[in-house]
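Subject: Structure for you to look at

Dear colleague,

I am passing on the structure we spoke about, and below it you will find my notes on what was found. Please keep it open while you read, so that you can follow each point for yourself.

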2 protein chains.
Amino acid sequence: MVEEARRRRLESGDGPDRVTTPAGGYNGVMTSTTETPETASYRAPSVDVTALRRLLDGRYAEVRDLVRGNLAEHASVLDEAETMSRPEFRERVKDLLVLMADSGQTGMGFPQEYGGGGDLGASIAAFETLAYGDLSLLVKVGVQFGLFGGAILMLGSKRHHDAYLEDLIAGRLLGCFAMTESGHGSNVQALDTVATYDGSTDEFVITTTDDDARKDYIGNAAQHAEAAVVFAQLEVDGERHGVHAFVVPMRRSGALLAGIRVEDDGLKMGLNGVDNGRIWFDRVRIPRDNLLNRFADVTDDGRYVSPIDNPDRRFFTMLGTLVQGRVCVSGAGINAAKVALTLAVRYAVRRRQFNATSPNEEEVLLDYGLHQRRLFPLLAENYALHFAQEALALKTHDVFSVASAEDEDEQARRELESRAAGTKALGTWHATRTIQECREACGGAGYLAVSRFAALKADTDVFTTFEGDNHVLLQLVAKGLLTDYASDFEDLDQLGMVRFVAGMALETVIERTAAHKLLEAIKDVLPGGDDRWDQEAGLRDPNYQLAMLRFREEHTLSGVARRLKRGIDAGLNPGEVFSRAQDHVIAAARAHVERLVLEAFVAKTAALPDGDLRVALTLLCDLHALTTIERDRAWFMEHGRLTSPRSKAITREVNELCLRIRPFAVDLVDAYGVPPELLRSPDLLGSVPG
Amino acid sequence: MVEEARRRRLESGDGPDRVTTPAGGYNGVMTSTTETPETASYRAPSVDVTALRRLLDGRYAEVRDLVRGNLAEHASVLDEAETMSRPEFRERVKDLLVLMADSGQTGMGFPQEYGGGGDLGASIAAFETLAYGDLSLLVKVGVQFGLFGGAILMLGSKRHHDAYLEDLIAGRLLGCFAMTESGHGSNVQALDTVATYDGSTDEFVITTTDDDARKDYIGNAAQHAEAAVVFAQLEVDGERHGVHAFVVPMRRSGALLAGIRVEDDGLKMGLNGVDNGRIWFDRVRIPRDNLLNRFADVTDDGRYVSPIDNPDRRFFTMLGTLVQGRVCVSGAGINAAKVALTLAVRYAVRRRQFNATSPNEEEVLLDYGLHQRRLFPLLAENYALHFAQEALALKTHDVFSVASAEDEDEQARRELESRAAGTKALGTWHATRTIQECREACGGAGYLAVSRFAALKADTDVFTTFEGDNHVLLQLVAKGLLTDYASDFEDLDQLGMVRFVAGMALETVIERTAAHKLLEAIKDVLPGGDDRWDQEAGLRDPNYQLAMLRFREEHTLSGVARRLKRGIDAGLNPGEVFSRAQDHVIAAARAHVERLVLEAFVAKTAALPDGDLRVALTLLCDLHALTTIERDRAWFMEHGRLTSPRSKAITREVNELCLRIRPFAVDLVDAYGVPPELLRSPDLLGSVPG
């Protein structure tokens, strides 16, 4: 049964088992040697931008348009971020947050009985779209409604919902999410803040034990939060029960309450419209009722009780309910990158430099092969991630909205957490890389603040390390994959995981080497059988592309497991073995997530009706698949799945695809639907749009 | 003879022909399989930080210490960049520039008779070191003394030196360098501003022909420049003679002169202490004498004369004298990256997170294999680039300071320009990547402005595209390599270059395929002869490492040439052929520059006396060489120079080297000698240093 779950995840995922090659248009040649795009039969697809935008906007097109409208109406915030003082701008962002709350866009994920929209998927869509605008506003919205509101909704019970939700949804009660400490960010289980139950007064006493235990980088803490959800070690009668969450009042009418000290984190690289700060608690007393008690409680007679016995499992279950935070950051990163791509592609069809093909007229940047090579793979990756994010968001919605059996539920939640962690890591790194490349592709004009790259770069920079450091998240993904064989994996910390893998699971892993099951599964759909499927399939056959990524995933994963086992069998310190294999662990996780991302894109493309749109997106999907393989072609050669000539053929095919995509590249960015009011950039676009 | 020059460049470069393996310490095993570093015989080298710093500081240790002292004394500018308004901060940076000028550090490259130091190398060393501090100050210094002052020194004659140098060296006359226009950045030859000679008044009339011809992004233009060196198309009697430079007075007592309009470029991503702006000239009249006339003049009777007949050659000769600008930016990028590496490595030995090897204590970040993998290759690359930059700076000094025969001189200048272009491209991309990775490795604490990453990222971002866009620079390098066979290559614009290659040079190139000459040259030093040198040499043999990079360079370059020829022979548009091969062209240039960089590091290491310092730097040099090969191992496999097992062995060796370097990693960054006053970052370093 466990094996079955694993098979499901590894071999079918959410993607299609067998994809038919799209009809019509250009069919890739396997080893093209031509240097020009024009072949007699080729016609560039004509892209219907409106239809493509509808496809991208998906189920929540109306929600996205509501947010687009709100952003366009308040586009002046992009100027204000540059002209206002920091205190003024913080107030401005707070006021905008309340305005957005009034429009309903920020409360969509909360129950309707408290004034919410009762649709988690809508709430994610709204948040993602907010990333087209000023990102301080986005992050403040995330802190207030996602983290603070989300914790009360997911970790609290009816008494907390009744007490807080209506006010916080309306923006009347602002709060913060006090988890991270100066000494502990990634390792949340090791937080030092203590909440001691005092039976004599029926209260908890919250204490910051030392300066390393101060809460740090907490958004909304420096100025606006009137309450905090504080994560602390719960102690009852001298016994520790692990990290739990408590509602702690912080301010009344703007003044800090007794026992609470706050320090401003000061100027940051970006997001300066958010008031991040540090908090110290000096024996702050709160009523017992303020424990968010969905998963654990202290009874009237002062006993600790929880339906989940195992403390590690309890902890990870609590954290798991907050997964939307990661889903939202992932989507925000992907959408912020769209703004950068829109600017860079539109600039590149306007800007001319150097006489290349004609002595009389300089060449448009986007007609240079190198410029296409710089931008199009990122554009294709953005589309791939967009569809992977869409699948992730829908799954998030379903897991938290649709009732199902408890077992299924747990399996689904685990898969969701892994997928959220992986997509967040790849999506935010994609944002950093894409914004950087787009800025460079816009030269000096891109360096002016009015061109938006300054804020895009500075504001998104922290996305790769907040809501889970990306490297830690990929280790989480790998941990899930490695321990899929047993049901009690939640108990394992990093050290435990290694020991566990060493002791129990490796026989199973090793049995599965050589990816023979995978090969069985793909034998039917690719020519050449077991031995030659990788030689004889067409490069642009999605079954081939997926088979390559599945092979890599399976092989890397079993390789890591064997390596860990070998080291531990040799009597080495398991932690040391793990540390040495860490790059391999990360590679396995990345291979897994990249496979999921490609599957999402292939599935989306395959589901389209025949026609130009499908032809265009198939070209883009092929570009994404082949650049993914090309980037790791050394690995495929090392593992006998790519010959030298075929590897070079992939590089040629990528260049060929860039040429094919050139005619509709502008349509691809226009379909993002970034409101013109938000683009600014007169020097890039030739005029002030809007 | 041409062939001889090419051989010299390709096969010997500045690097050693035969390197002996260092004595003492750890000798790398070819295919290590151990997972732990301790072998019975191994002793980690003990690094003498003072000696290493002396090695890094090199010939100009005193100059560097002078600048370090000045920066430490005025370290408050790092705070002021964050607290002052933009106008205030611009004034502050201007004042600091004058203070630095008073100390003598900014005038070292100018002749002593005007108050300079008469030592170009010292001036480069001073500028590089300035990159440890606030980068607005660095760039303003670069604009004033490097660009404005450099143009007057290198393009002007004695009358201009007498008129301006003393004042500009002292900071009494501030100027700007008005080359770039809104419509033309990289393609300087196509500038639109016109300087028409009016014989009736013996004046030039400077005119901005349209808005695309306005000068743009010009540092010092918005507020402080009283004069500009303006680049414009020189027209005499209706005939155009190409781009020339003119001194144009701009302001008197801060007020703009008639006919000159200026607009502030506004807020930028970074460098906001520099007043960049746009300039329009409305028939501004200047005396004939204001033409910087070293390479061309207009005579008393109104005739255009130049010792260089060919206009393209004249233009490139003029530009070539300004090469120091690139050399300086290259060094600045490499040194800014040192600040980031210092912070990230020092943080990583303090910060603990997760229990890995012990259940009782969390692990220091730098003991994780992944963290080493993230930081050490960048650290090694920084050292490699440091030594390549040192070689470049010394060559710059020699070319401009030591008299030699005209032929030799021209050859040396050409080589210098290529090396400056290539090192600038790799050095500034290194800076962008390193600063980003170091920020991520410092998590949330790295996001606070006090941690310096905010300014480092924002300020250095434009380094990759100013003073020559990096991609354009690498094409310049490739162009030099491809046309080394003929002496008149300076005449060739991008289009011409392609035609030239097609028409004349390819026979020679093709003859040189298969790198047989290279193999001859390395046959003596590596085992196995022609066929098996790449299989039998030790991975840590520098001769092997260099042979790999030389093979790649030779092979890539001849491949590009053949590809261009094939396309043109087939009757395709040469520009289109070039555009399609552009990624290949860039790869060839990069292969060339990476070879030069490794040669510099190997030569430096090989020249050290036996001892721990040599052992330590040899480990670092090996890490750099092997990560360079590893990054491009797909290419080596595709071209038959790396087997799968050997490719995997390189990856293992890289991990092994990371472990070996771990014990002295902090020494490596301490030897940079970044003054503690400049580090700030209390949250990263545990206290406010200094």
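This is a predicted model: local features need pLDDT of at least 70, side-chain atom pairs count only at pLDDT 80 or more; totals for chains, interfaces and linings use all residues.

Residues are numbered from 1 along each chain as its sequence is written, and chains are lettered from A and ligands numbered from 1 in the order in which they are written.

Next comes the interface, where 69 residues of chain B are in contact with 68 residues of chain A; two residues count as in contact if their C-beta atoms, placed from the backbone, lie within 7 Å. Several helices of chain B, including α11 (369-401), α12 (406-441) and α20 (582-606), each supply at least two residues of the side that touches chain A, and the largest share, six residues, comes from α19(B). (Helices are DSSP runs of H or I with at least four residues, strands are runs of E with at least two, and both are numbered from the N terminus.) By class, this side of chain B has 24 nonpolar, 26 polar and 19 charged residues, where Ala, Val, Leu, Ile, Met, Phe, Trp, Tyr, Cys and Pro count as nonpolar, Asp, Glu, Lys and Arg as charged, and the others, Gly among them, as polar. Because 99% of the interface residues of chain B are also interface residues in chain A, the copies meet through the same surface.

The axes of helix α20 (residues 582-606) of chain A and α11(B) come within 7 Å and cross at roughly 90°, the axes being lines fitted to C-alpha atoms, for helices over the stretch in contact, with angles from 0 to 180 degrees between N-to-C directions. That makes α20(A) roughly perpendicular to α11(B), a term that covers 65 to 115 degrees. Q582(A), D583(A) and I586(A) make the contact from α20(A), and G369(B), L370(B) and R373(B) from α11(B).

Finally, there are the strands. In chain A, three of them form an open antiparallel sheet in the order β4-β10-β9, where two strands pair if DSSP finds at least two bridges between them. β4 (215-218) and β9 (260-264) of chain A each have a single partner strand, so one side of each is left without a neighbour in the sheet. Within this sheet, K215(A) stands opposite I279(A) in β10(A).

Elsewhere in chain A, β5 (residues 227-236) and β6 (residues 239-249) pair in the antiparallel sense over nine bridges, with A232(A) having H244(A) as its bridge partner in β6(A). Their hairpin has two residues between the strands, and D237(A) takes a positive phi near 50° there.

With best wishes

Conventions: Angles under 35 degrees count as roughly parallel, over 145 as roughly antiparallel, 65 to 115 as roughly perpendicular and the rest as oblique.
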